[in-house]
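Open the model in your viewer and keep the selection panel at hand. The stops below run from one ligand to the other, by way of the whole chain.

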Amino acid sequence: MEEAGRAVATAAQRLAPSGRVVLLAGGGANGGDALVAARHLSVAGRDVQVLAAPATHPLTRLNRRRLKAVGVSPQVLSPARLRAGARGAALLVDGLLGTGFRAPLRPSMEALIAEVNAARAQGAPVLAIDVPSGLEAGPARAAGPAVQADATVTLMGWKPALLFGEAATRAGAVDLTPLSVPRAWVAPEAVAARLPDALIGFWLPERPADAHKGTAGRVWVLGGHPGTAGAPVLAGVGALRTGAGLVTLHSLAELPLLHPELMVRRHPSWPEALPALAASGLPDALAVGMGLGPEAAEVARAVLAWKVPTVLDADALQPDLAGAGHDRCVWTPHPGEAARLLDVPTAQVTGDPLVSARALQAQMGGVVVLKGGPSVVAWSGGLVVARGGHPGMATAGMGDTLAGVIAALLGQGLDAARAALCAVRLHARAGERAAARHHYGLVAGDVAEELGGAWLDLRATGR
Ligand SMILES: NC(=O)C1=CN([C@@H]2O[C@H](COP(=O)(O)OP(=O)(O)OC[C@H]3O[C@@H](n4cnc5c(N)ncnc54)[C@H](OP(=O)(O)O)[C@@H]3O)[C@@H](O)[C@H]2O)[C@@H](O)CC1
Ligand SMILES: Nc1ncnc2c1ncn2[C@@H]1O[C@H](COP(=O)(O)OP(=O)(O)O)[C@@H](O)[C@H]1O
């Protein structure tokens, strides 16, 4: 609590370097963090006003005494006092409710939260401690009445509510403060790891000066069907723009020859094509499913038996492939496809993407990328929530490009988990770059064009 409160005080100093700081302390440990912050701010010479509920947590009681010892006496917390105190305040610090909050909100607390939001509307910025009050830390569901913060200092780990859905917009800019506490103390809500760009940049493969197209990864894309013939092309371009040396598209459909760098082979039927392909020498990686149509599950089952590093996307994401995955395969469902695999409503997937991603990984094996804004990567050793991306990426074909990016990294020798983690971040970074030019008008091809630049951005942070 001491470390947490000090981090909150530091953030408060940064957000409001002068003026009166009003700190709101609930009865639990979240309120205790606010009391510690108030002490540090007061000792630093800041004008602080503390409105506190009766303390129920022993450390919160202790920190109330410590605060009094430096000459600050908390006032009783009430909506009227909050309204009066917020007038002219440089900053409101919300320590009403943290991870101990369980919905539904009691009316007395709802009135306080309404006052905080009214004060913010009048111009007082709000800094939330751990999670904005009124948000349950765990689920990613839409918030009921909750504090709208400008910034949040979250403690120990990212809470799902700060990452997904409408609730995440309540937190403003989030800063993570890791605390030096035993792992066992980390609240179960604080499970979502986010990888630094520097680590992704470090993992991206370097190639020697004498590299040639045969050493930069041979990738096959199996997909396309009349009406969805563009999907494998987008995956192929994604693979090329991620550095794959040789990319061949295999399809029963006639594919648009928009990119002469892509090799295209049209086959009469999959039952004829698959044995011939296997006999011709397997590639370093493959992506299967993009626009492939009704035969996708059978094609996917056949190629999984090849044990080549494989991305399974779109039509290849079928429940009857459960358990057919191997440790070099990556499944890339969006929430609708994830719901089909898990046989649950889509809202259940989007309501708890972390739990859904774990369940999918257990069901399908290998690595799962549950796509969205943001995406979740799950493998047997961990779970990571990706950074970045842009809402302009919500457009058809974006996932096809990602499948190609993953395949290219698999083909360049990354293991499945690292290929997925690097690809998702590369794709998101490329989306951010493309959005700077195209905003909501960006299309999958624009993202592919930015993949090289995104790679350089990430590598610059990683070396
Ligand atoms: N774990 C650690 O190591 C560390 C944890 N840390 C901090 O502890 C925080 C968690 O603290 P916590 O567990 O004491 O709970 P907390 O968020 O203060 O909520 C309890 C209060 O909420 C109230 N309340 C609950 N539901 C309600 C409702 N529906 N409607 C209205 N009120 C409701 C409940 O009231 P009661 O039920 O007691 O009347 C009680 O007053 C965490 O977020 C972080 O900030 C840091 O110090 C770092 C180390
Ligand atoms: N709002 C967003 N923020 C960040 N990334 C997004 C957002 N919307 C979509 N994406 C990304 O775009 C891709 C969409 O994939 P998908 O739905 O499979 O597209 P398609 O099936 O049309 O190819 C995913 O990688 C997803 O993470």
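Which polar backbone atom is 2.7 Å from an oxygen atom of ligand 2? Select Gly397: the atom belongs to that residue.

Before going on, some ground rules. This is a predicted model, in which local features need pLDDT of at least 70, side-chain atom pairs count only at pLDDT 80 or more, and totals for chains, interfaces and linings use all residues. Residues are numbered from 1 along each chain as its sequence is written, chains are lettered from A and ligands numbered from 1 in the order in which they are written, and side-chain values use heavy atoms, with hydrogens and water left out.

**Stop 1: ligand 2**

Stay with ligand 2. Polar contacts here are pairs of N or O atoms within 3.5 Å; within protein, one must be able to donate a hydrogen and the other to accept it, and residues adjacent in sequence count only if both atoms are side-chain atoms. Pick Asp400: a backbone N or O atom lies 3.1 Å from an oxygen atom of the ligand. At His390, a backbone N or O atom is 3.4 Å from a nitrogen atom of ligand 2. Alone, ligand 2 exposes 580 Å², and the protein buries 78% of that (accessible areas by the Shrake-Rupley method with a 1.4 Å probe; for residues, only the protein chains shown count as cover).

Now show the shell, meaning residues with a heavy atom within 4 Å of the ligand. It has 17 residues; Lys371, Gly372, Ser375, Gly397 and Gly399 come nearest. Colour it by class: six are nonpolar, nine polar and two charged. (Ala, Val, Leu, Ile, Met, Phe, Trp, Tyr, Cys and Pro count as nonpolar, Asp, Glu, Lys and Arg as charged, and the others, Gly among them, as polar.) Helix 13 (residues 398-411) supplies the largest share, four residues. Helices (H or I, at least four residues) and strands (E, at least two) are DSSP runs, numbered from the N terminus.

**Stop 2: Thr242**

Select Thr242. Buried or exposed? Thr242 counts as buried, because its relative accessibility is 2% (buried is under 20% relative accessible area, exposed over 50%, partly exposed in between, with a 1.4 Å probe and protein chains only). Thr242 sits in the loop between helix 7 (230-241) and strand 9 (246-251). Leaving out residues up to four places away in sequence, Thr242 touches Val405, Ala408, Leu409, Gln412, Leu426, Leu451 and Trp455. Contact means heavy atoms within 4.5 Å.

**Stop 3: the whole chain**

Zoom out. The chain holds 16 helices and 16 strands. Its C-alpha atoms fill a box of roughly 80 × 45 × 40 Å along the principal axes. Of its 463 residues, 54% count as buried.

Colour by domain: domain 1 is 1-189 and domain 2 is 197-462, with bounds from an automatic or database domain assignment. Their centres, taken over C-alpha atoms, are 41 Å apart. Six residues of domain 1 are in contact with seven residues of domain 2.

**Stop 4: ligand 1**

Move to ligand 1. Start at Asp33: an N or O atom of its side chain is 2.5 Å from an oxygen atom of the ligand. At Arg106, a polar side-chain atom lies 2.9 Å from a ligand oxygen atom. For Thr99, a backbone N or O atom lies 2.9 Å from an oxygen atom of ligand 1. The protein covers 75% of the 940 Å² of accessible area that ligand 1 has on its own.
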